Amino acid sequence: MDIEKLLSELTEDEKIALVSGTDFMYTNPVPRLGIEARSFSDGPHGLRKLVSKENNAISVSEKATAFPTAAAVASGWDPKNAYAVGKGIAKECRNHGVDLLLGPGANIKRNPLCGRNFEYFSEDPLLSASMASAETEGIQSEGVGACLKHFAANNCENYRFVGDSVVDERALREIYLKSFEPVIKTAKPYAVMSAYNQLNGVFCSENKRLIGDVLRGEWGYDGLVMTDWGGVRDRAESIKAGLDLEMPGDTLVCRKRIKDALASGELSKEDLDRAVASVLRFGEKCKARRKEADLAENDRLAADIAADCAVLMKNDGVLPLSEGETLFVCGEMFDKMRYQGAGSSLINAWRVTSPRAAFDGAGVKYLYCKGYRERKTPFDRELVTEAVKASAAFDKIVVFIGLTDYDESEGCDRDSMRLPENQLDLVEALLETGKPVAAVLFGGSPFEMPFKDRLSAILNMYLPGQNGGEAVRKLLFGKAEPAGRLAESWPESYADVPYGDLFGKKKNEIYKESVFVGYRYYSTVNKKTAFPFGSGLSYTSFLWRDAEIEDKGDEIKASCEVENVGDRDGAEGVELFVSAPESDVFKPKRELRAFEKIRLKKGAKKRVTLTVKKDDLRYFNIKENRFTLETGRYIFEFCKDAETPVLFLPLELEGEKLPTPYDGETLAAYADPASVSDAVFEKVYGAPVPKPQKLLPITPESRFEDFRQSFVGRILYSAAMGVVNKQMKRAKKRSEGLERDNNLKDAFFLGKSLGSNSLRSISMNAGRKFPYNFAEGAADMANGHLLRGVKKLFKKIKAPVLPKDEKQKKRKG
């Protein structure tokens, strides 16, 4: 493709069309010049290909394989699993002619209540980037493009459309951008998706420093940069910032904005041409031919990965179970397994194998009691009494519990870290029998387990995908080895989470903890967690010994011998953390710098060598505005988890000797990162903390939830939510089954997402169905300006016609 030639042949209106999407999941074609449309699909743990252009409902999509979600895959600590998931999804993309999969997601798990944590990998940027890179490479190995998202600091759902992530430069560089940078540089995704939120006062879609300076300038990215769906504010500003494509497009106001900005000189022809060229290059990359996918193979793969990534969090010897015994199993998730998250990633799974179905298929003998109803939270005395009475005839109990689709979902953050009350009551009643209780967990993020010390075993499946039931069966009976390690910390209580009381409560999300995210906080202040980052057990035992270290110039090699001293084959996660020199720079106690998962036969041993680049030991100096390596004594620690070092290797390194960028008050404050004042954070941040904004008057940037602050606004809000309620009622009337479940999840997500959405984003997402003049009119009416609002509803927005609509326009003319 001759890009320069095409740029000279394209009209201005055609160029404007090319940087806009159409029909919700497509790029605009230019038939006159043979430029074809490219097809997109939601991911990232399966293909959500819309059945038709006319219906973009979450629950209406082609049948596909639901793989384990990112939260599960990362717990495997093996990038090969992420690669296999990516490749498996891409094969199904090819089957349906999809050119770009919207995934993986590389956002950091800053807080366990974030409703979308199931879709992200880890609280640690190294582990997150490793998994995201592998999944990207797996997707693109099939000639399908991957879209890395959501760039950047998108860590909260309640205010994701309008919120401002206020992050100091050091935390941004060391934590939040570090999850993206290696993926960009090594895996080279076809596309990057900007986040909805603002970053330090500027929306990510038009943040020149983020896109133009860092992504394109410092990292050298030359691929496609696109918005999230409805995630554009000022189309001209976004192009100037370095963003290419607006999705889903079909927004008259955006095409008009570009046209007007070109006419006034506010937007240069060169900037538009750069964006057009990027879209054309992206289209040229998409050359994957259609090929039928083997769904049965993907189903088997999903089970294998789910088993390899499951985390055995506790075991006093009750697991594995004996095959001959008849089991007592309890908890509705045994029958209605939660295997994926809710929201835009909802997969229409072609098959779902629950633990019950897997038990039945293998002829496992068991007695099952429901114990609780998954869609209801109140205590059900009858169900609990039935379960306790039935358990009397058995020596042990296996209970299935976890978070439901109504506890965590895209579009909203969780209210607490508690399990549903009916599940808590059931577990307590079962433990009171005095029998050993093994718990199988499902969910996309941590939850409190006040009863954990009394459980005999805890097997965490996270969200294991459609064949998770088969993985559960194999793990419980020792046909597969639990080999996962936690990719995030599990706090004892939500009260232990830094600034947890403020999370998701206001438009401005202040990241006062700076670099002390997850285990970086807990280990530094010596706060014990329920289950540490990196922890996990096995059915066998491993011995680590003979650690060595070698300085190889630009990198350091640390090694140790690992031996399987148990009586079963198994896998071990070898984690290398590094403690930086003590100095007048605040820093975490230890940070993950390398890892490897090894698989050993019983009695086998292997020498594991891990490599750390010296550049990765640097911290970001806010005074110098660059990364720098401190001179001093570094401790390389082979750890079982973030709280349990096993082997220690000190090494003196020569770096720079720079004055501290922090004053005494700041250093003293960050001795307890959970108690930093606004005044101290402002020193670290380098600017005043943004003040809370008033809810009135309503503007297109207001959350729809805020409409309830005015009389007319409440009427409009009730009318819109009434549509959602009707959808929920229709879903409840359907017969039991996957279709009903998906429709319920669709309605729940729509309701939650609508409330947190802004009028502007709703308009940018709805295209022709809710043009921007409707958003302006609704805002005016909510403020009591009824006549002015109604007038805006009838205002016409004149914008360039799309090339694909030119023939129709001429026929009408």
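Residues are numbered from 1 along each chain as its sequence is written, and side-chain values use heavy atoms, with hydrogens and water left out. Because the model is predicted, local features need pLDDT of at least 70 and side-chain atom pairs count only at pLDDT 80 or more, whereas totals for chains, interfaces and linings use all residues. Helices (H or I, at least four residues) and strands (E, at least two) are DSSP runs, numbered from the N terminus.

An open sheet is formed by 6 strands in the order β12-β18-β17-β16-β13-β15, with mixed pairing; two strands are taken to pair if DSSP finds at least two bridges between them. The edges are held by β12 (311–315) and β15 (366–369), each of which has a single partner strand, so one side of each is left without a neighbour in the sheet. On average, neighbouring strands of this sheet are turned by 20 degrees against each other, direction ignored, the axes being lines fitted to C-alpha atoms. Within the sheet, strand β17 (residues 437–442) pairs with strand β18 (residues 457–460) in the parallel sense over 4 bridges. The bridge partner of A439 in β18 is I458.

In helix α19 (678–685), the buried residues (under 20% relative accessible area, 1.4 Å probe, protein chains only) are V680, F681, V684 and Y685. Seen down the axis of α19, these residues fall within an arc of 135 degrees, so they line one face of the helix; the arc is that of the directions from the helix axis to the C-beta atoms. The buried residues of α19 pack against β7 (164–166), β19 and α18 (664–669), where contact means heavy atoms within 4.5 Å. The helix is followed by G686, which has a positive phi near 85 degrees.

The loop between α19 and α20 (711–733) contains P697, and the peptide bond from L696 to P697 is cis, with omega near 0 degrees. A cis peptide bond also runs from G43 to P44, with omega near -5 degrees. P44 lies in the loop between β3 (40–42) and β4 (63–64).

Y499 has a phi of about 60 degrees and is found in the loop between α16 (468–476) and β19 (508–510). Y499 is buried, with a relative accessible area of 10%. D546, with a positive phi of about 55 degrees, lies in strand β20 (residues 542–551).

Notes. Buried means under 20% relative accessible area, exposed over 50%, partly exposed in between (1.4 Å probe, protein chains only). Axes are lines fitted to C-alpha atoms, for helices over the stretch in contact, and angles run from 0 to 180 degrees between N-to-C directions.
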